[in-house]
Amino acid sequence: MEIQKGAEAQPWEDRGGAGPSRWLPLAAVALCLAVAVGYCVAKRGFFVDEVWSYGYANSHYARVLSDVAGGDLAGATLTRRDLLDYVSVGEGERMDAGSVLHNQAPDLHPPLFGLALNAASSLAPGAWSKWAGLGLNLACHAVALVALWALLRELGCSRAACACGVALWGLSRAGLSDVLYIRMYEMLTALTVLLALELAALMREGASGGARRLLPAAVGATVFLGLMTQYYFAIYAFLACLAAGTHLLRRRRLGEAGALAACALAGVGLFLLAWPAAFYNLPAGKNPSIAMSGEGAFYALLNVPAWPERLSTFGRMIIQALPAVILVWLLSAWGTIRSKQEVHAGDNTFEDTLLTSHIRNIILPAFLYLLIIALIALFEEPRFIYNICPLISAAAAVSLDAWFRSMPQETRSRQIKVVIGALTAVLLIFAIFYKPAYLGEEAYAQQEAVVPYAADPCVYIVGRGKTTDSANLSITADVPQLLEFEDVHLETDPTSAGIAAYLASKGNPDEIVLYVDTVTYPNHVNYGDTTSLDSEAISDLVAKRLGYSRKTLIERVGPDAPVLSEAYLLRR
């Protein structure tokens with residue numbers, strides 16, 4: 001099969017019905033969703049940011065727990081009802097968009113995910129369930145899988161390559177972790193793939209009229225929704241729209257290029273009108289540290305000596321998140337070269353398929369986005385690149401499709417079946433034995449560790465009590481544990497008379513549970529010295545003052561359990 005240089009690759013199908021079945025991509029989507037649902041069922045615990053997701057979305061005009069306590073945790077006693085109200089929707093507070101917008105305004109993220117999570121949580125008021133967030137993520141995941149399938153068809157891939165591309169992402173550690181993490185990143189992923197699909201359809205030549213006229217408007221709407229989900233979306237949207245607009249201009253499709261630019265800019269303008277908080281969220285000084293700002297990202301970008309380490313770190317993350325994609329790239333390149341040498345010595349299928357401008361203008365912005373994020377990301381964590389992983393998988397699928405095209409016609413069907421079967425087996429092995437992140441197994445185990453003491457009074461010494469994100473970090477992470485207790489008394493001073501008064505109201509029990517905040521707090525808004533509480537010294541001090549002679553650490557479960565606090569059992 002010959003492809004003219006510069007032409008757009010068109011999907012091929014074997015003749016006589018021997019080619020890949022029409023249902024193959026749909027089967028890949030169904031398999032990916034089934035595995036994702038299985039892991040959602042297995043998820044048991046929550047990461048601190050996931051608790052904040054529910055708090056920002058569902059707490060009635062109280063962004064953090066110190067707001068529940070009137071702005072200061074010191075001396076407060078939070079009941080189980082107080083904690084549950086923070087993470088769930090109250091009976092008379094369903095679909096409370098005003099509260100969500102109020103809570104999200106000082107945050108580092110726009111409010112779309114919070115609004116959607118509040119709507120999902122409103123289906124079961126008074127209850128805190130992982131399924132509100134996971135159900136929302138699964139819906140976004142399904143959209144992303146189908147959009148990835150459609151994108152690969154737009155790029156000219158066969159159904160076999162489409163199915164492989166869907167599975168490469170949907171069964172990867174990145175794809176499954178994205179579903180399990182109850183934050184805005186799965187929604188961001190779906191909107192990123194949708195934008196790529198819309199731009200690919202807009203760039204395709206030979207189609208006109210009908211729904212195609214609506215594509216620039218669809219791009220504008222997706223830009224708006226993406227920016228309302230996560231600020232980093234602006235980087236990919238700019239790069240992708242610039243590439244698509246340049247493609248259209250070079251082909252003298254001036255009307256479409258103008259419509260694309262106008263609609264994309266309209267999406268940005270609408271976002272700024274709908275969410276003016278973006279203007280004061282991004283500058284430094286409005287956030288707990290300069291790093292959590294647009295200015296901080298700019299400084300990180302200018303920190304050239306740190307580039308090698310950052311690029312190396314994110315490179316390792318990609319390999320860990322998408323190991324099968326790397327293998328497919330290597331295998332398909334080897335297979336294509338081998339097939340060309342043996343059968344199609346003069347065929348330029350591989351190079352021409354990968355170098356068509358249609359494909360290049362979709363794939364290359366994804367890799368440039370990855371490079372920029374590696375240099376500016378707030379934390380060196382894979383969640384910031386989850387949204388681009390489907391497009392990296394799409395690039396591997398395009399390479400795989402080039403290999404399929406280079407196979408001899410008489411043996412192509414059999415060889416493709418062998419490749420698909422082997423790839424499916426490898427992906428399932430990776431999915432089962434290389435488990436995704438955010439299952440919460442260690443957090444849940446720690447929650448179970450305190451259950452035997454749930455009837456005891458609970459005292460929590462926090463490093464800071466005033467309303468800031470850092471002052472609420474440890475206690476927010478411990479909300480699933482603290483819900484086991486009737487209430488929890490909080491103090492910043494371990495010698496406070498409020499502790500004795502609280503225990504007196506409980507009949508001066510012979511056994512209590514003591515939590516000590518171990519978060520390191522910055523002394524200055526911008527980088528500076530840090531302080532943290534000595535949990536051993538503080539627990540000894542509290543035990544001595546209150547007459548408890550025996551102290552036992554309720555051990556952290558698992559080597560990777562986050563240590564934001566220590567819990568002790570104090571006995572007389």
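In helix α1, the residues Leu24, Pro25, Ala28, Val29, Cys32, Val35, Ala36, Tyr39 and Cys40 are buried, where buried means under 20% relative accessible area, exposed over 50%, and partly exposed in between (1.4 Å probe, protein chains only). They cover an arc of only 160° around the axis, which puts them on the same side of α1; the arc is that of the directions from the helix axis to the C-beta atoms. The model is predicted: local features need pLDDT of at least 70, side-chain atom pairs count only at pLDDT 80 or more, and totals for chains, interfaces and linings use all residues. Residues are numbered from 1 along each chain as its sequence is written, and side-chain values use heavy atoms, with hydrogens and water left out.

**Helix α1 and its surroundings**

- The buried residues of α1 pack against α7 (130-154), α8 (159-170), α9 (173-180) and α21 (412-433), a contact being heavy atoms within 4.5 Å.
- The end C-alpha atoms of α1 are 27 Å apart, which agrees with the 27 Å that its 19 residues should span at 1.5 Å a residue; the expected span is 1.5 Å times one less than the number of residues.
- Val41 also has its place in α1, which comprises residues 24-42.
- Val41 counts as exposed because its relative accessibility is 51%.

**A nonpolar surface patch**

- Val37, Val41 and Trp131 form a nonpolar patch on the surface, and together they have about 260 Å² of accessible area.
- Patches are made of residues with over 30% relative accessible area and no salt bridge, with like charges joined within 9 Å and nonpolar side chains (Val, Leu, Ile, Met, Phe, Trp, Tyr) within 5 Å.
- A salt bridge is a side-chain nitrogen of Lys or Arg within 4 Å of a carboxyl oxygen of Asp or Glu.

**Individual residues in other helices**

- Ser393 is located in helix α20 (residues 389-406) and is buried, with a relative accessible area of 0%.
- Not counting residues up to four places away in sequence, Ser393 touches Gly165, Leu168, Trp169, Leu322 and Val325.
- Ala217 belongs to helix α11 (residues 215-227) and is partly exposed, at 43% relative accessible area.

**The chain as a whole**

- The protein chain has 26 helices and 8 strands; helices (H or I, at least four residues) and strands (E, at least two) are DSSP runs, numbered from the N terminus.
- Of the 572 residues in the protein chain, 54% are buried.
- The protein chain exposes about 23,400 Å², of which carbon and sulfur atoms supply 62%; accessible areas come from the Shrake-Rupley method with a 1.4 Å probe, and for residues only the protein chains shown count as cover.
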